[in-house]
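Good morning, and thank you for making time for this presentation. Please have the structure open while I speak.

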Amino acid sequence: MTATTPATEQPTKPATTQTIRTRPVRRRLSVMTIIAGAVVVILALMAIFAPLISPFDPIAQDPAIRFTPPGSDGHILGTDQYGRDILSRLIYGARVELLTALSATLIAAIIGTTIGLIAGYFDTAVRSISMRAMDVLLTFPPLILALFAVTLYGQGMVTLIAALALLFTPAFARVAFAQVLSVRSLEYVEAAKLYGAKSPTILAKVILPNVAGPTVVRFTLTIAAAILLESGLSYLGLGIVPPEPSWGSMVAEGQRYMSTDPFVLLIPAAAVVISVLAFAVLGDGIRQWLDPRSGRNAR
Amino acid sequence: MSRRNRTRILKAAAFPALLALALTSCSSAGSSSSSGATQPADDQNLTFGVSGEFPVLKTGTNQGNLGWTQAALIHRGLLSYDETGEVVPALAKSFDIVDLATYSFTLHEGLTFHDGSPITSTTVADTLNYLASAESGSSGYAAFQHITSVDTPDELTVVVHLDANNSSFPQYLADPTAAIVPESSLNAETPNTIGAGPFQIVDQQEGVGTTLERFDGYYDADNVQLDSIDVRYYADGTARTNALLSGDVDLIDYVPWEQFSTIEGDSNLVLTSQPGPLIYVQFNTTEGPFADPQVREAVAMAVNRDNINTTVLEGNGTPVYGVAIPGGEFDTPAATEMYEYDPEAAKELLADAGYPDGFAAELSATSQYAFLQDAGISVQADLAEIGIDVTLNTPDWPTYTQNAAAGNYEIGVVGGGGTLNDPAYLVPWLGGAASYVNSFGFDDPALNEALQAGISAADTTAREDAYNTAFGIIKEQTPIVQLIQRAQGFAHTAKLEGFTNLPGFLTFYSALSLADASLSE
Amino acid sequence: MFLFILKRLSVGVGLLFIVVTLVFIAVQTVPGDPAMIVLIGSGNTSEITPEALQATREQLGLDQPILVQYVTYLGGLLTGNLGMSFENRQPVTDLIAARLPNTLELIAIVAVVSIAAGIALGAWAAQRRGAVNSGVTFLTSLGISAPVYVLGTVLVFVFAVTLRVLPAGGFTSWADDPVRHLQLLILPVIAVSVGLTAVIARVTRASVNETSQQDWVRTARSWGLQEPVVFRTAVLRNSLTPVATVAALEIGILLGSTVLVERVFSWPGLSTLLVDGVAARDYPVIQGVIIVTAALFIVINILVDVLYGVLDPRARQS
């Protein structure tokens, strides 16, 4: 399972392979990207306004109406094995998923980018130590690190967020690191230094804007990976603690009733796929928009 | 891409596709229907899909469902259970209840273990003495610790002396964990793989399965019809059921409740299920609101067992409103009809106890067993109805059992089966040493006395009286709240004959019946 | 070249050492008494006496000072001894040795299938424009986004339960029954390959496009060489280095995350051992699996670095 990065960054290539464009290229946002963006916005709204738009209490049970098929009166997406409304659980699940994924990614982005910036800019032992630390983190396959964290600190959202943040930090560090390296040797940075500009100024004015783009891309893609990883853990029963709804555990539960009432499985499964897909496509689209040279490359 | 490249790629893709196709058609066809004829098949090899990995057996200890299944196949003790749950002689050809504190056994002649070493009365005595020792950690220690001596007047005779009457003693001997084993296995280190049972281990593959073959030196080898048993591990319930549905295996244990109707709808398969182990509520009785028997009684009246039955067990459970007594002998209203589902009355009780507005607490359950967690969720909803607001804490099983044994909880939902189909099973549940099966801190001397009186009573009337006294105390004190007996289901191909799901708590020992089973055409 | 490999190896060993230490420390910080865990076992309701607890502690070496435990552990690692499982007192090395080949086999086959299919797909897509290209983008996105446990479940439902053409799960060793062994591999391999193929296809396409636009490739074309020849000799071969890196990374990740597929298909692999160990708080097993997995991961990365160095001499300078 491609748990971390849906489309990984290449390691730093030697600078000589960059082509030079002679004509300015128009930046286009593809239709797919816009649709993906819309989906992401919808998900975010769902998550934020969950208590307002959710028709029922997601954990209220009503055994009398269990397995009501989708499309029935009052329960658009049907009810699960406890008679809980699936739509409500889906909506609250979105909140859980996005909260976990967003928090983890934000923490990873801040810490990782900072490490990458510092390591890239300063030529000292700081660089080797911090990048080696990132390497150590990367020797742990993602799911294993997450499982380890759960073993040590128990299940729950906090452990998950911490573990996921730890997992994704190196990627951000590498992105920032690579960008800094490629920019700082540019002539106008050299010139700025000659003119006496201080490091923080250079960092802020020159390097950050260049780092921002790829970092945003990495951010979106990481959210996708976080959702995948978290739902996988919840599927194993080691993620979000019930009865708090989480799409992964909904899939695991639904799997038991696959032969008789498949919708209990398929609906949350579709939710996971659609969300991950939306973030992934969005990330790709942003990347394409930022770097039109990649044109048909859409990695 | 050029035509040449395209062709090459197509050819490259065709090969694996063809290979896959060839392999799928190689798959054994689904079970061919047979018409009722009970002709024994030529191939008496049974494939048995079990719910997890066979543990490495440690002599005498309780290692759960898979430990018992394995023991029931490769081990035998002095006594055993037949398909109705009655105690019958096994390695002992006959046994005599001299009195309720003295039991005499006569062994079959020429008994050997799987490795050929002989079984004599000394071997038996050694095993029993080990089981009676504190460091063995034996599952039947509650009974075995009362052994004062094991006499061996001759090679085939064993006489066991207890320091107090125990009418259920034979049942402890029939337990698969009380099997007679070679001297070399009488410690906590040596894997207990050599036994005297109908089947012997031929091969064990870590994570995959165990292969067993009939042991021709078994005391009843002539009646064992299966030549071999191929045990395969399927930890996931759905995967296990699918294996049965697709014909990969002949027999499975622990049928998930949501698959009951699917299997019943298949005419080639047989589902056999028994109400067995219990789901019940345990309390920390040393502090907080749950130290008050009235509060505990309120809980007993607040839980909607039918809901649990529907949502957790798909209607395949047997609600319990008192204490369940499998085996039927003491199955009286005094035992089984202690409480009614009455949330209003429960609220009144709470008010009486000083909690008119309810209170908040933490409910523990384990996330590792879905049915226990689901039951916990259901109980949470029911308690909320009477004003007790609980937050759920669902750690994994090892953590849960540790916390429970240490009293680090307020109220918990737990499950398990008794050691035997007899009120005596309640002893460790209602007192005794701190463990995860009882309510922390609960110890009522009058109840203990009544239970012991029942165990050691000489005749049935005396036992009834003693147990009725005990039931009365239980109703008053509500040390635990039994909620429901879950249906323990096995499923198998219709071609398997002679397999029985043993009643009550003995359901986990059903593999014993495979000694009499066979496959028909 | 030799120096290069040596350097990589020493870095790898260093990393492994750090990993081992971190894992050891982390396990020590956990509350709870491992001796208690061992004794409680799986449902053991017998009374746990303080003597038994102490005896178990001594048995497990828990009564020694931490530093001694650490050194003992390291020493054990060097001789291949990873400790004894809490749950069934078997050597962890044996447990891992029994399961590792199964996971490796699954991963190896997935790798071969995905790399072949992914490169083919990516190379093909790189030479197409417009709708086809966008279609491939979308499909690969879908492949990457679909969780493997969903794919696996649906595959089992369709092919095993409904159509009955393939077994539902389980494992038979090659020695016992080669045909069935292969049959049991089909569905798990498909489930995992979908995602990996998608990733590789993407990287291949990007890389091929990148290389195609290089000046020297244009030069080759201007020599009048046929496009397919140019593609094979110049473009394809030289665009494979990033593919190799990504493939290695993803395969390394698979080492740890096959658990979902192993759960669905009852495939007795290493990940399952880990998850079961986590559920039972079996620390020696957990430690052992993490260390072995990390070691393999490091080895794979070293191999890729070497491969990278072979394919692209410029990389050897770092």
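Predicted model: local features only at pLDDT ≥ 70, side-chain atom pairs only at ≥ 80, totals over all residues.

Let me begin with chain A. Chain A contains 10 helices and 0 strands. Of its 299 residues, 52% count as buried. If we consider contacts in chain A between residues at least 6 apart in sequence, 71% of them join residues at least 24 apart.

Chain C comes next. Its secondary structure amounts to 14 helices and 0 strands, and along the sequence the pattern is α-α-α-α-α-α-α-α-α-α-α-α-α-α. Chain C has 318 residues, of which 48% count as buried. For contacts in chain C between residues at least 6 apart in sequence, the share joining residues at least 24 apart is 72%.

Chain B contains both kinds of element, with 15 helices and 19 strands. Its radius of gyration is 26 Å, close to the 24 Å that the globule rule gives for 521 residues, so chain B is as compact as a globular protein of that length. Along the principal axes, the C-alpha atoms of chain B fill a box of roughly 85 × 75 × 45 Å. Of the 521 residues, 54% count as buried. Among contacts in chain B between residues at least 6 apart in sequence, 69% join residues at least 24 apart.

I turn now to the interface. How many residues of chain A are in contact with chain C? There are 49, and they meet 56 residues of chain C. On the chain A side, at least two residues each come from helix H4 (125-138), helix H5 (142-153), helix H8 (199-235), helix H9 (247-256) and helix H10 (263-290). By class, that side of chain A has 33 nonpolar, 13 polar and 3 charged residues.

Helix H10 of chain A also takes part in a packing within its own chain. Two packed helices are described by the angle between their axes and the distance between the axes. Helix H1 (residues 31-48) of chain A packs with H10(A) at an angle of about 130 degrees, the axes being 8 Å apart. The two helices H1(A) and H10(A) are therefore oblique to each other. The crossing in which H1(A) passes H10(A) is left-handed. Which residues meet there? From H1(A) they include Met32(A), Ala36(A), Val40(A) and Leu43(A), and from H10(A) they include Ile274(A), Ala278(A), Phe279(A) and Leu282(A). The residues of this contact divide into 10 nonpolar, 4 polar and no charged.

Finally, I would draw attention to two residues with positive phi. In chain B, Tyr254(B) has a phi near 45 degrees, a positive value in a residue other than glycine. Tyr254(B) is located in the loop between strand S11 (251-252) and helix H7 (260-264) of chain B. Is Tyr254(B) buried or exposed? Tyr254(B) counts as buried, because it has 20 C-beta neighbours inside 10 Å and the cut-off for a buried residue is 20 or more.

In chain C, Ser266(C) is not a glycine, yet its phi is positive, at about 50 degrees. Ser266(C) sits in the loop between helix H12 (259-265) and helix H13 (270-280) of chain C. Ser266(C) is buried because 26 other C-beta atoms lie within 10 Å.

Thank you for your attention.

Terms used:
Residues numbered from 1 in each chain as written. Chains lettered and ligands numbered in written order. Contact = placed C-beta atoms within 7 Å. Helix = DSSP H or I, 4+ residues; strand = E, 2+ residues; numbered from the N terminus. Nonpolar A, V, L, I, M, F, W, Y, C, P; charged D, E, K, R; others polar. Rg over C-alpha atoms; globule rule 2.2 N^0.38 Å. Buried ≥ 20, exposed ≤ 12 C-beta atoms within 10 Å, placed from the backbone. Axes fitted to C-alpha atoms, helices over the stretch in contact; angles between N-to-C directions. Parallel < 35°, antiparallel > 145°, perpendicular 65-115°, else oblique. Left-handed = near helix turned anticlockwise from the far one by under 90°.
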